[in-house]
Amino acid sequence: MPWPIDALPYPFELGFMQRALVAGVVVGVFAPMIGTFVVQKRMSLIGDGIGHLAFAGVGAGLVAGVSPIWAALVVAIAGALGIEWLRSRRSASGDLALALFFYSGIAAGVVLVSLAGGFGASILTFLFGQPLTVNDQEIATIVGLGAVIVAAMLALRRGLFAVVTDEDWSRVAGLPVGLLNTVLAVIVAASVVAAMRIVGLLLVAAIMVLPVASGQLLARSFRGTLWWSVAIGVASVIAGLAASRLWGLAPGGTIVLIAAGVFVVVALVKRATIPKLQAEGAGL
Amino acid sequence: MTASEVLAEATPATLIEASGVSFSYGRQQVLEDVDLRVRAGEFVALVGPNGSGKSTLLRVLLGSLAPTSGSVRLFGEPPSRFADRARVGYVPQRPVLDSEVPATVEEIVTAGRLARRGWWRPLQREDHVQVGHALASVGLAELAKRPLNELSGGQQQRAFIARAFAGEPDLLVLDEPIAGVDAESQRRFRDSLTHLIEEHGAGVLLVSHELSAVAQDLDRVVVLKRRIVFDGPAAQLAASGVSLGVHPEDLPLWLEELG
C-alpha cells in the first residue's frame with residue numbers, strides 16, 4: 001500500500017504513523033468487543049494468561065525458525081483450549097487454571113527465547129508492543145485476523161451473551177455451551193496474537209478489559225456496553241499514538257495508560273452524578 | 001379404537017417422568033427410588049427440607065446428572081437424547097444477579113428465544129412479539145429497557161421467568177423462584193403461571209418452600225425427603241394439618257407429621 005495517505009493531518013501525516021493508526025484502530029475495535037464477553041464471564045485475566053502463553057509461542061517460533069506470530073497463534077489457541085477445558089471440568093478454578101498457564105507460558109518463553117539467542121529488540125516489540133514499526137505484511141495479518149474476529153463475534157453474539165451471562169440456564173436451554181465457550185477461547189487467543197504487535201503481550205489484556213470497565217459504567221445495556229467499549233478502545237488507540245508521537249512516549253504503554261485514565265475520569269464523573277440520578281429516579 | 005387407545009387420548013401427555021430414580025454422590029445416597037410424573041396442564045409443587053434432594057432431582061430430571069439407577073423421560077425420551085429443548089422452560093435458583101456488565105431486562109428475556117428459533121439465527125418479528133408477550137405476562141413491559149441489576153429481587157426473578165416464557169415452553173421447571181420476593185411479585189408470579197397452564201396447556205413443576213401464593217392452584221404437592229413421602233392433592237396435604245406456607249426450618253417437623 002502506498003504510504004503515506006495525503007489526507008491525514010499531523011501527527012498522522014507520516015507513513016509509519018498511518019500504518020500504526022490502521023493496525024491500532026483495528027485492535028481498538030476487536031479487543032474491547034471480545035473483552036465485553038470476557039468481563040461478563042468473569043475471566044478478565046484470561047487475555048493476560050494467553051498473552052504469557054503466546055510469548056512461549058514467540059520463543060518456539062524463533063527457535064524453530066518459523067514466523068513468531070503464527071507460532072504464537074498456534075500456542076495461544078492450544079493454551080486457550082487447555083484453560084477452557086480445565087475450567088469446564090472444574091478440575092481447577094478459573095483463577096488457578098490461569099495461574100498454571102501464566103507461569104508455565106512465561107517460563108517456557110524465557111527458556112526458548114534464550115535458546116534462540118537472547119532478548120534482542122525484536123523480542124521487546126512482542127512484549128511491550130511497537131505499532132510504529134509494523135510493516136504491510138503485519139498490517140494484513142492484523143486486519144485479516146481482526147475481520148475474522150469481528151465477524152465471528154457479531155454472528156455468535158446472542159449465543160455468547162446467553163452463555164457468559166448464565167451458563168447453567170444455557171445448558172438446560174440446549175445451547176451448545178461447550179462449543180460456544182471453546183469458540184470464545186479461540187477468539188480470545190486470536191485477539192491476543194493480533195494485538196501483540198500494537199500493545200505488547202504484557203499489556204494485551206488491558207486493551208481488552210479497560211475500555212469495558214469504562215463502557216459498563218457509561219451504558220445501561222450489554223449492547224450499549226459493547227459499543228461504548230469499542231468507541232473508548234478506538235479513541236484510546238488514536239490518542240495514545242498521537243501522544244507517543246508528540247512527546248516521544250512508548251506507544252503501547254501510552255495507549256493503555258489513556259484507557260486507564262478514561263476509566264478513572266468516567267468513574268469519578270459517575271460517582272459525582274449518581275446521587276443526582278438517584279434523586280431524579282426517586283421522583284419518577 | 002381400543003379401550004387403551006381411548007384412555008391414552010383422554011389422558012394428557014406425560015411431559016416429564018422419573019421411574020425408580022436413585023442417585024448417589026459417592027457413598028451418600030441423595031435420592032432413593034423416586035417416582036414423579038408431570039402431565040400437560042398440571043401444576044405440581046415439589047417441596048422438602050434443605051438437603052432433601054430437590055435440586056439433585058431437578059438436575060436429574062433435566063439431564064444435567066445421570067441417575068445411578070432408574071430412568072427419566074423428558075417428553076418420552078431420555079434427557080440425553082432429547083433435542084427439542086425449547087419445550088422446557090427453566091428458571092434457575094440463583095441466576096446471575098450481580099452481572100459485571102449491565103444487561104437490560106429485554107436482553108435477558110430475548111435470550112429465552114434462542115432455543116426456540118436456533119441460537120445462530122437473527123431475530124425475527126415473531127421473536128420480538130413473543131418477548132413482548134413474555135414481558136407483559138410478568139408485568140415488566142415498562143421496565144424492558146432498564147438494566148436488570150437496577151430492579152428489585154422480585155422484579156429480577158420475574159425477568160428470569162419471562163425468559164423461560166419467551167421460549168413458549170410446554171413444561172416449565174422453576175427452582176425456588178419466589179423465595180423472599182414481595183407480595184406484588186408473588187401475585188404476578190401466580191397469575192403468569194396460571195395463564196401458562198390454562199391458556200397454553202403447559203405443565204409446571206415448581207420447587208419452592210413458599211407455596212402460600214399458589215396453594216389454591218396446585219394440582220399436586222410432592223414431598224421429597226430423599227424418597228417421595230407424599231404425592232397428592234394440596235387439599236389432602238392441608239387436611240393433614242400441615243400449612244403450605246411454612247418456613248424452611250419447619251419443614252422437617254411437618255414431614256415427621258406426614259410420617
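Biologist: How many helices and strands does chain B have?
Modeller: First, this is a predicted model, where local features need pLDDT of at least 70, side-chain atom pairs count only at pLDDT 80 or more, and totals for chains, interfaces and linings use all residues. Residues are numbered from 1 along each chain as its sequence is written, while chains are lettered from A and ligands numbered from 1 in the order in which they are written. Helices (H or I, at least four residues) and strands (E, at least two) are DSSP runs, numbered from the N terminus. For chain B, that gives 9 helices and 9 strands.

Biologist: What percentage of the 259 residues in chain B is buried?
Modeller: A residue is buried if 20 or more other C-beta atoms lie within 10 Å of its own, exposed if 12 or fewer, and partly exposed in between, with the C-beta atoms placed from the backbone. In chain B, the buried part of the 259 residues comes to 45%.

Biologist: Which helix of chain A gives the most to the side that touches chain B?
Modeller: Two residues are in contact if their C-beta atoms, placed from the backbone, lie within 7 Å. The contact takes 24 residues from chain A and 21 residues from chain B. On the chain A side, helix 1 (15-40), helix 6 (136-165), helix 7 (167-172) and helix 10 (222-247) each give two or more residues. The one that gives the most, with 5 residues, is helix 6 of chain A.

Biologist: And how many residues on that side of chain A are charged?
Modeller: Ala, Val, Leu, Ile, Met, Phe, Trp, Tyr, Cys and Pro count as nonpolar, Asp, Glu, Lys and Arg as charged, and the others, Gly among them, as polar. The side of chain A that touches chain B has 9 nonpolar and 8 polar residues, and its charged residues number 7.

Biologist: How is helix 1 of chain A oriented to helix 8 of chain A, roughly parallel or roughly antiparallel?
Modeller: Axes are lines fitted to C-alpha atoms, for helices over the stretch in contact, and angles run from 0 to 180 degrees between N-to-C directions. Angles under 35 degrees count as roughly parallel, over 145 as roughly antiparallel, 65 to 115 as roughly perpendicular and the rest as oblique. Helix 1 and helix 8 (residues 177-199) of chain A pack at about 150°, with their axes 10 Å apart. That makes the two helices of chain A roughly antiparallel.

Biologist: How many nonpolar residues are in the contact of helix 1 of chain A with helix 8 of chain A?
Modeller: Residues that meet there include A:V27 and A:I34 from helix 1 of chain A, and A:V188 and A:A195 from helix 8 of chain A. The contact has 2 polar residues and no charged ones, and its nonpolar residues number 13.

Biologist: Is helix 8 of chain A roughly parallel or roughly perpendicular to helix 9 of chain A?
Modeller: Helix 8 and helix 9 (residues 204-218) of chain A have axes 8 Å apart and pack at about 105°. Therefore helix 8 of chain A lies to helix 9 of chain A roughly perpendicular.

Biologist: In which hand does helix 2 of chain A pass helix 3 of chain A, left or right?
Modeller: The axes of helix 2 (residues 46-64) and helix 3 (residues 68-88) of chain A come within 7 Å and cross at roughly 140°, so these helices of chain A are oblique to each other. A crossing is left-handed if the near helix is turned anticlockwise from the far one by less than a right angle, and right-handed if clockwise. The crossing of helix 2 of chain A with helix 3 of chain A is right-handed.

Biologist: Which residue does a cis peptide bond join to A:Y10?
Modeller: Most peptide bonds are trans. Here omega is about 10°, and the partner of A:Y10 in the cis bond sits in the segment before helix 1 of chain A. That partner is A:P11.

Biologist: What is the phi of A:R42?
Modeller: A:R42 is found in the loop between helix 1 and helix 2 of chain A and is partly exposed, with 15 other C-beta atoms within 10 Å. Although A:R42 is not a glycine, its phi is positive, at about 60°.
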